[in-house]
Amino acid sequence: MAESTRLEEKDFKPSLKKSFGRSLARYLSGRCNECGKERFLSAIDYYSSKKTDCIHCQVTSYLTWPIIHIFFKRLLISKETTKQILDDQLLRGTMMNLIKGIAYFGVKIPQPTRVPVVIVWNITNRCNLNCLHCHQSSTRSPSERELTTNEAFKIVDKLSNAGLSILTFSGGEPLVRNDIFDVIKRATDNGIYCTVASNGILMKPKIVEKLCNVGVHRVEIGLDGANAETHDFLRNKRGSFKATVKGIQNCVKYGNFEEIAITSTLYKSNVKEIPKIIDVAESLGATRFYLNRLIPAGRGIDITHLDVSHKEKRTILNYLYNRFHASVVNGDGIQCYARGMTYLARVGYEQSHGQIFHVSEAFSGYDTMFKKKFGGELSKFVRRFAKGFSGCSAGLTYCGLTAQGDLIPCVPSPMKLGNLLEEKLVDIWANNETLNNMRDRKNLKGSCGKCDYNGLCGGCRYTAHFMTDDWLGPDLSCPFGAK
Ligand code: SF4
Ligand code: SF4
Ligand SMILES: [Zn+2]
């Protein structure tokens, strides 16, 4: 191996470098005693404008600026791009969240942030479809009371005040909520980067335009086959393939999204078709492809017999990695990633001799945005730090949110961590014992605990919980086993 991927005991002993990192993060995330501004933000503002009314902030900026400057220089990021990055509201907020995470949790691999960077919000459990694999068991009418518009607004305001960067509206089918545009607008007005996950059927030209008008940057649409037979079977409705393809075409034609992602759920009948589905996605104008594992949650539990074998999974992951490498590294074709199969990072690590592997699920989706804004320099940065954010993101940089406002470790999980109408995001995130245990991969058990790749991969924590009744247990869906 080019570099160890295992979290060694020494990684957990306080070293001088780590203590310095944490002390610096504590200082930068603290507020100026004079004007009350967060020191990191005042340092980067001073770098941009060279102006401040506060003498304390001026001194802080002089002291901290060389460290920030060296940091970016060592990453080979030019002065001009550094300035652009530091001026970007979304990245400023994310960096502040990361610094606060280091201050609170210490320097870790992987590194938890102070609050999630990404939340996927199943804003409704209602759906116009009744898919066989739905992990929410969604139907046309909700089984529980869902948040009112005002309650949803309240939650959006809380998320933005807490420093959340990215919010994905999912479901059920988020477009069946009449107030979805108002809720998204509230979030984008608050500076949150919004994306929508949909089955595509309701993506009519007017809806696409409305989504763009309220500031949606990215849509992702489920397409489970390269033809009607394989897609319609899993979607449990004849004609859904045609309607979804039309929805994707509408997004391409009538929208100006930064990204159109296609997601496919892997199962026995489409495993041989995946290369073709990726080609279809590309020919339709999508810019990204996610291969999802058949997650054993909701109605998905009833069809686990449709899951692929370990051998089939290994073959398709090797193929996916080659497409990932061609697209993300060589810029050739649609970008390919996996979800719920953290061991794709292991495949990448082995095939590239330790050079390239994919980042965490939460962070993998923004390469196009980075390239558009920063011409590829930030992608280098993300890749350089991939090891610190790789594998399962649940409890580290990501969590889920339900239609009732309950925070959950990941969208398929029924485990409620706390309700956002009643509690603060920062408190639920920091105080939950399960999340805290998951944050240290040295706590993992069984094959994932023994595996050399637990630093890069760590297994799908939800699957481990489902199969072993232990959030720290082995991910038995792994087709490789411990190395
Ligand atoms: S055993 Fe666990 S940590 Fe190792 S590759 Fe498989 S899922 Fe990942
Ligand atoms: S638990 Fe982790 S790996 Fe599994 S689906 Fe959630 S984020 Fe992905
Ligand atoms: Zn000040």
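**Reading helix packing and ligand shells**

Analyst: Helices α2 and α5 are oblique to each other, oblique being the class left over when angles under 35 degrees count as roughly parallel, over 145 as roughly antiparallel and 65 to 115 as roughly perpendicular. The model is predicted, so local features need pLDDT of at least 70 and side-chain atom pairs count only at pLDDT 80 or more, while totals for chains, interfaces and linings use all residues. Residues are numbered from 1 along each chain as its sequence is written, with chains lettered from A and ligands numbered from 1 in the order in which they are written.

User: At what angle do α2 and α5 pack, and how far apart are their axes?

Analyst: Two packed helices are described by the angle between their axes and the distance between the axes. Here α2 and helix α5 (residues 89–105) pack at about 140°, with axes 10 Å apart; axes are lines fitted to C-alpha atoms, for helices over the stretch in contact, and angles run from 0 to 180 degrees between N-to-C directions. Helices are DSSP runs of H or I with at least four residues, and strands are runs of E with at least two, numbered from the N terminus.

User: Which residues of α2 and α5 meet?

Analyst: F40, L41 and I44 of α2 meet R92, M96 and I99 of α5, contact requiring C-beta atoms, placed from the backbone, within 7 Å. By class, this contact of α2 with α5 has five nonpolar, no polar and one charged residues, where Ala, Val, Leu, Ile, Met, Phe, Trp, Tyr, Cys and Pro count as nonpolar, Asp, Glu, Lys and Arg as charged, and the others, Gly among them, as polar.

User: How does α2 (residues 39–49) pack with α4 (residues 79–87)?

Analyst: Helices α2 and α4 pack at an angle of about 130°, with their axes 10 Å apart, and are therefore oblique to each other. Their contact is made by I44, Y47 and S48 of α2 with K83, L86 and D87 of α4, which divide into three nonpolar, one polar and two charged.

User: Which residues come nearest to ligand 1, and which are closest to ligand 2?

Analyst: A residue is near a molecule if its C-beta atom, placed from the backbone, lies within 6 Å of it. Of the 16 residues around ligand 1, C448, C451, C457, G459 and C478 come nearest, and the shell divides into eight nonpolar, six polar and two charged. Ligand 2 is surrounded by 13 residues, the closest being C392, A394, C410, C460 and Y462, and helix α19 (residues 461–468) gives the most to that shell, with three residues.

Terms used: Contact = placed C-beta atoms within 7 Å.
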